[in-house]
Amino acid sequence: MMALIEYYARALTKGKFALVSFALQPLSFIFIVYVVSGGRFLDRALAGAIVSFIAGVGIADLSIELVGMKARSKFYDIIMSLPGGNWRKALGISIGMSIPAFPYVTLLTLLISWRLGLEAIPGILFGIVSLWLWSAGVGFLMGVKIKEPLTVMRLSNLTVTALTVFPPVYYPESVLPEKIVVAMNFLPTVSAAKLMTGGGGSAFLISLFWTVFGALLLWKFKGFED
């Protein structure tokens, strides 16, 4: 597992602009929301960026890598021949693909904790873990079920955009009509953003549900086969 994490960490952070280009969209949204709201939604915008980083590496990057890995049959054979169970390999690839997001998630977590206080840390950490497990589970679902690289690339990017840009992830749900908010609250990205900004109660239960769902998907597809 550690060998896979080390491999992906080196491969994904290689190059001067790799980490900068990776962070361009979430950091741009923080700036836009900050300017438009006059700073009132900054905490939610910071949480939204964390959600985007995690959903991006879990759903899009991981699923694309899994499909691409099978296309590069020699690389797939090397991974399958490594010692250790498939569960550890799946976990190693998932963590390794998340390495580029780690410095940004850490920095944003420190910023939110500084603004909201130490009592917000448990909610922030649970929101991160919950969303990461769900995103990695969906990434494995797409990576195993879909065979064409172009198809998984389009579907995963569409899914990430639909779940992070339009719902109340970067902004509070209070700006939307109540009927729409009721439905949006069940999205894993919205419940995680609410947890990170001090929301509890139903957001905790919804995130707990998605945590279990993601873990089950990882377990089902740990063998990299349907």
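1. The span of residues 90–114 is 88% helix and 0% strand, and its end C-alpha atoms lie 34 Å apart; helices here are DSSP runs of H or I with at least four residues, strands are runs of E with at least two, and both are numbered from the N terminus. For residues 120–143 the end C-alpha atoms also lie 34 Å apart, with 96% helix and 0% strand. Both spans come from the UniProt record, an unreviewed entry, which places the feature "transmembrane region" at residues 17–37, 49–69, 90–114, 120–143 and 192–219. The UniProt positions are given in the numbering used here, with feature names shortened, and such annotations may be inferred rather than shown by experiment.

2. The model is predicted, and local features need pLDDT of at least 70 while side-chain atom pairs count only at pLDDT 80 or more, although totals for chains, interfaces and linings use all residues. Residues are numbered from 1 along each chain as its sequence is written, and side-chain values use heavy atoms, with hydrogens and water left out.

3. Helix H8 comprises 25 residues that should span 36 Å at 1.5 Å a residue, and this agrees with its end C-alpha atoms, which are 36 Å apart; the expected span is 1.5 Å times one less than the number of residues. H8 is mostly covered, since 18 of its 25 residues are buried, where buried means under 20% relative accessible area, exposed means over 50%, and partly exposed lies in between (1.4 Å probe, protein chains only).

4. Ser130, found in helix H8 (residues 121–145), counts as buried at 3% relative accessibility. Leaving aside residues up to four places away in sequence, Ser130 touches Ser207 and Thr211, a contact being heavy atoms within 4.5 Å. Phe140 also has its place in helix H8 and is buried, with a relative accessible area of 0%. The C-alpha atoms of Phe140 and Gly58 are 8.5 Å apart in space, while the two residues are 82 residues apart in sequence.

5. Helix H6 (residues 86–98) can be checked in the same way: its 13 residues should span 18 Å at 1.5 Å a residue, and its end C-alpha atoms are 18 Å apart, which agrees. The buried residues in H6 include Lys89, Ala90, Gly92, Ile93 and Ser94, and also Gly96, Met97 and Ser98.

6. The structure holds three salt bridges, each defined as a side-chain nitrogen of Lys or Arg within 4 Å of a carboxyl oxygen of Asp or Glu. One of them joins Arg115 and Asp43, with the closest N and O atoms 2.3 Å apart. Because Arg115 lies in helix H7 (residues 102–116) and Asp43 in helix H4 (residues 42–71), the pair ties together parts that are 72 residues apart in sequence. Arg115 counts as partly exposed at 39% relative accessibility, whereas Asp43 counts as buried at 19%.

7. Glu173 takes part in a salt bridge with Arg44, the closest N and O atoms being 3.1 Å apart. This pair links distant parts of the chain, with Arg44 in helix H4 and Glu173 in the loop between helix H9 (149–164) and helix H10 (178–184), 129 residues apart. Glu173 also forms a salt bridge with Lys194, and here the closest N and O atoms are 3.8 Å apart. In this case Lys194 lies in helix H11 (residues 188–196) and Glu173 in the loop between H9 and H10, so that distant parts of the chain, 21 residues apart, are linked. Lys194 is buried, with a relative accessible area of 14%, and Glu173 counts as buried at 18% relative accessibility. Through shared partners, the salt bridges join Arg44, Glu173 and Lys194 into one network.

8. Phe31 has its place in helix H3 (residues 24–37) and is exposed, with a relative accessible area of 57%. Val36, also in helix H3, counts as exposed at 70% relative accessibility. The C-alpha atoms of Val36 and Gly214 are separated by 34 Å, the residues being 178 residues apart along the chain.
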